[in-house]
Amino acid sequence: MKTLKLILSLMMLTFLAVFPVQAKDMIVKEPPKSLSKFYPPESKEPKWIQQMHKMSAHFGGVFVNLKEKDFENVDKHADKLVEEYKKTSEMVPEWEEYFDIKAAEEFAAAAKTHDIGKAGKASGKLGKTCGKCHGDQEISVWTKFHWPSFHKIKVTDPIDEKEVEFGKYMKSISSSMKGVTVNFGEGQYDRAGKALKVFKTRYMELKSTCSKCHTTDDVKLFYVGKDADTAFSGLANELNAEKPNPGNFWKNVGLLGKTGCKNCHLVHRTYSFIKEAWEEEDKK
Amino acid sequence: MKIPPRLTNLLIGFGCLAISSWVMLYFIINEKFEWIPKEVLELARDPELLERPEAKRCSECHEAIYEAWKDSRHSLSWTSKTYIEASENRTKEKCLACHIPQSVRGEKPTPRLDRREEGIYCVSCHFIDNKMNGPYDLMAPPHPTVRNPDYGRSKFCGSCHEKTFKQWQATKVEDTCQDCHMPRTKGRLTQKFGLNLLHKKRMVGDHRFLHGEITEKDIIVESELTEKMFTLSLLNKTIPHGVPTADNGDPRLYLYIKFFNEAGDEVDNAKEIIAPQQETELPYGKKMVYNYRLFDKVSRAEVELKYQPAWTKEKTDLWKVSVLR
């Protein structure tokens, strides 16, 4: 029981060292260009994150085997950790200073004493080097390499059948929607009805656009699914009615905005903003 | 010069022997494949062909099939511009299994590492468990072929065309994918001189993997034009899967409707995008109805259907009808 408590405490300490609480005035700075060669399309595989996983596996391997008293494998993982740590330190020259080879070697030496207390103590210094880099760079790396670039997506506008950039297309959807809501607010129901056809056609085109990445139906229909169909039918019914009911109309506009627009924007927009800002900066 | 009678007899004897040997061989190869011992089958094998050869190597014997495949979309699955763009320069992992399959066998394949530029090629579909597979048992150098009934079954195509396969299953129609997209004609499997004399003509599937043509007989249109409404319906009567259909591609039917007043001026228009990715495809045997409210006085409507395959932005005209009030 004592050993288990010790291991848990050590793991907690290590975790805190590797993933420290982020500062409030965090700066999301674009990762160095040299990292790009370890991610698609420059690399066939995401080699950088694979390298992180390798180090993490060997680091964890030391403690798992110390607990199991499998000292032969403790030694193997300790050596491999130093080897991979050195290799990683050479991959991105701009980040060389994050690495402390001596700390890695000291950790390996401590692990090889097969004393879990000594290994835990030595892991703190090494863990801090990981934590510092993660704190400074992790969000940027995930944003740049693990999130899609919306501004690179091209959409064929179904109304005029011309290809436009994604951002421009979003603006078209937004103005189509205003065509419906503004006319409805003015009591111009026929105009609102015509505008609804355009708005719906543009909105539904997003199903095709999203399907380029979201290939499973559950995800694909999350933003433009049943709720969107219900909302559009509700809007059409109101606009075709003798006397449209504003309550029903605005309820359906709200449903569309909340389940479609807002949900998607909450998930994707922040990262899209950051990436776009970086690329704008590059163009200057 | 006079040929001695003994030499004539010898030549006739050899001739008879050669002909009877050829007849016997032809009979065994084509009719009694099961008589051939496994060891003999192995003797006919060129071990190099176990190294997953390139399609060009297969064309040395199967020239006609190779030429048909080269005309197919399967041969372009890795090099197609549309695929490269849609997969962000081939970096989307989920696309790889079906664009460069290692071995197709009725379930989702795994991607391969070699000969990627050949796309879905001979070896992807015919080399299974270290043996050449096909619809017939065949014994011919440089490789014996093992009969695999899956080549006539839709499930084989469903390895990758999963969604289309499920749509077809739901229709309960007996015609398989191969019946329509690989129509069989009698011909030779090989064009190489010598080998072509050893094999009888068989039903050979079209390896262009034909993309069926959509006509007015396939998609039935009905319409009604009244003072306030125009109602149109489309019925996919003959094609036993959604039209258009695709797992991840984006083929479309564009339905254009133009409304004209008595003077012949266009007063309004509408458009429908019929596409699997928008879940608006035309299901088999189910009428899809489209309603349009008319805001102006309309005396004629013009309806036009166009098709845009997944791999191009070009549209082809299917049909056009005019509806009078």
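1. The lining of the largest cavity divides by class into eight nonpolar, one polar and no charged residues. In this classification Ala, Val, Leu, Ile, Met, Phe, Trp, Tyr, Cys and Pro are nonpolar, Asp, Glu, Lys and Arg are charged, and the others, Gly among them, are polar. The residues concerned are A:Met177, A:Val180, A:Thr181, A:Leu196, A:Phe199, A:Leu235, A:Phe249, A:Val253 and A:Leu256. At least two lining residues come from each of helix H6 (166-185), helix H7 (189-210) and helix H10 (246-283) of chain A. The volume is about 40 Å³.

2. On conventions: the model is predicted, with pLDDT of at least 70 needed for local features and 80 or more for side-chain atom pairs, while totals for chains, interfaces and linings use all residues. Residues are numbered from 1 along each chain as its sequence is written, chains are lettered from A and ligands numbered from 1 in the order in which they are written, and side-chain values use heavy atoms, with hydrogens and water left out. Helices (H or I, at least four residues) and strands (E, at least two) are DSSP runs numbered from the N terminus.

3. The whole structure holds two cavities of 30 Å³ or more. A cavity is a set of points, on a 1 Å grid over the protein atoms alone, where a 1.4 Å probe fits but cannot get out; a pocket is an open set with protein on both sides within 12 Å along at least five of seven lines; lining residues have an atom within 4 Å of a point. Grid points are joined across faces, edges and corners, and a volume is the space filled by probe spheres set on the points.

4. The second largest cavity has a volume of about 30 Å³. Its lining consists of A:Met26, A:Ile27, A:Val28, A:Gly135, A:Asp136, A:Gln137, A:Glu138, A:Ile139 and A:Ser140. By class these are four nonpolar, three polar and two charged residues.

5. At the start of H5(A), a side-chain oxygen of A:Asp115 lies within 2.9 Å of the backbone nitrogen of A:Gly117.

6. The second largest pocket, of about 1400 Å³, has residues of both chains in its lining. Of the 42 lining residues, A:Lys200, B:Lys271, B:Glu272, B:Asn291 and B:Tyr292 lie nearest the centre. H7(A) gives the most, with nine residues. The class counts are 19 nonpolar, nine polar and 14 charged.

7. In chain B, strand E2 (residues 131-134) and strand E4 (residues 143-147) pair in the parallel sense over three bridges; pairing requires at least two DSSP bridges. B:Gly134 has B:Arg147 as its bridge partner in E4(B). Strand E3 (residues 138-140) of chain B runs antiparallel to E4(B), also over three bridges, and a hairpin of two residues connects E3(B) to E4(B). B:Ala140 stands opposite B:His143.

8. Most residues other than glycine have a negative phi, and most peptide bonds are trans. The bond from B:Val243 to B:Pro244 is cis, with omega near -10°, and B:Pro244 is in the loop between strand E8 (229-236) and E9 of chain B. B:Glu88 has a positive phi, near 50°, in the loop between helix H5 (81-86) and helix H6 (93-99) of chain B.

Key
Polar contact = N/O pair within 3.5 Å; in protein donor to acceptor, adjacent residues only side chain to side chain.
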